[in-house]
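I opened this notebook to keep a record of what I looked up, entry by entry. The entries run from the overall fold to single residues.

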Amino acid sequence: MLKYSIRGENIEVTAAIRTYIQKKLKKLEKYFEDTSSSTAHVNLKVYSDKTAKVEVTIPLPYLVLRAEETSPDMYASVDLVTDKLERQIRKYKTKINRKSREKGFKGLETPTVPAANEEKSDKKFDIVRTKRFSLKPMDSEEAILQMDMLGHDFFIYEDAETNGINIVYRRNDGRYGLIEANED
């Protein structure tokens with residue numbers, strides 16, 4: 001069962017809203033074997049033009065689900081986000097199932113927090129956030145899928161065949177690029 005962290009900005013999170021969000025997100029649990037150690041982070045925002053934005057991030061051991069939606073109604077935004085997350089899950093599961101049939105993999109895993117390790121440098125650059133994560137083996141197609149699902153422009157992963165560190169990125173023309181790190 002998912003745990004929930006529901007936060008409101010410019011809105012009080014009432015019991016009705018909390019119950020509605022939990023009921024909607026609970027439907028996603030059917031896609032996973034074990035979500036007991038996962039927390040759904042939900043951020044609710046209400047703007048001065050009376051629109052409501054709902055952001056949901058669910059970090060799982062092998063996948064990070066993230067979606068956000070804005071609409072005039074808070075409950076409609078929750079519905080839209082839930083639908084978007086469900087589409088992401090189905091897309092991911094279809095891709096993994098197809099890969100496992102093609103290559104005969106038993107269990108594929110993807111990184112949970114895609115971001116570069118950042119270190120403190122000289123005075124010119126101000127590092128405002130540092131992220132650490134473990135790389136898990138995958139191929140470039142899986143890395144692109146993970147990057148797209150997270151809405152990021154780049155993704156770092158360990159290549160399953162070479163064990164080298166690679167980066168896929170979205171180019172300005174909408175296509176993808178691949179950077180392979182040399183260990184020389």
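Predicted model: local features only at pLDDT ≥ 70, side-chain atom pairs only at ≥ 80, totals over all residues.

Entry on loops and backbone. With that naming I placed N10 in the loop between β1 (3-9) and α1, and I found its phi near 65°, a positive value in a residue other than glycine. I then looked up its accessibility, and N10 counts as exposed because its relative accessibility is 70%, where the cut-off for exposed is over 50%. I went on to N163, which is not a glycine either and has a positive phi of about 65°; this residue sits in the loop between β6 (154-159) and β7 (165-170).

Entry on the overall fold. I listed 3 helices and 8 strands for the protein chain, and reading along the sequence I wrote the pattern down as β-α-β-β-β-α-β-α-β-β-β. The chain has 184 residues, of which 38% are buried. For contacts between residues at least 6 apart in sequence, I noted that 44% join residues at least 24 apart. The accessible surface comes to about 11,500 Å², and carbon and sulfur atoms account for 49% of that surface.

Entry on aromatic rings. I searched for aromatic pairs and the structure holds 1. The partners are Y20 and Y75, in an edge-to-face arrangement with 4.8 Å from centre to centre and 80° between the planes. The pair links distant parts of the chain, since Y20 belongs to helix α1 (residues 15-26) and Y75 to helix α2 (residues 74-103), 55 residues apart. I also checked Y75 by itself, and at 32% relative accessibility it counts as partly exposed.

Entry on helix α3. Is helix α3 largely enclosed by the rest of the structure or largely open? I found 8 of the 11 residues of α3 (residues 140-150) to be buried, so I recorded the helix as largely enclosed by the rest of the structure. The buried residues are E142, A143, I144, L145, Q146, M147, M149 and L150. At the start of α3, I noted that a side-chain oxygen of D139 comes within 3.3 Å of the backbone nitrogen of E141. Just after α3, G151 adopts a positive phi of about 75°.

Definitions and conventions. Residues numbered from 1 in each chain as written. Heavy atoms only, no water. Buried < 20%, exposed > 50% of the residue type's maximum accessible area, 1.4 Å probe, protein only. Helix = DSSP H or I, 4+ residues; strand = E, 2+ residues; numbered from the N terminus. Polar contact = N/O pair within 3.5 Å; in protein donor to acceptor, adjacent residues only side chain to side chain. Phe/Tyr/Trp six-rings, centres within 6.5 Å; stacked < 30°, edge-to-face > 60°. Contact = heavy atoms within 4.5 Å. Areas by Shrake-Rupley, 256 points an atom, 1.4 Å probe, with all protein chains shown as cover.
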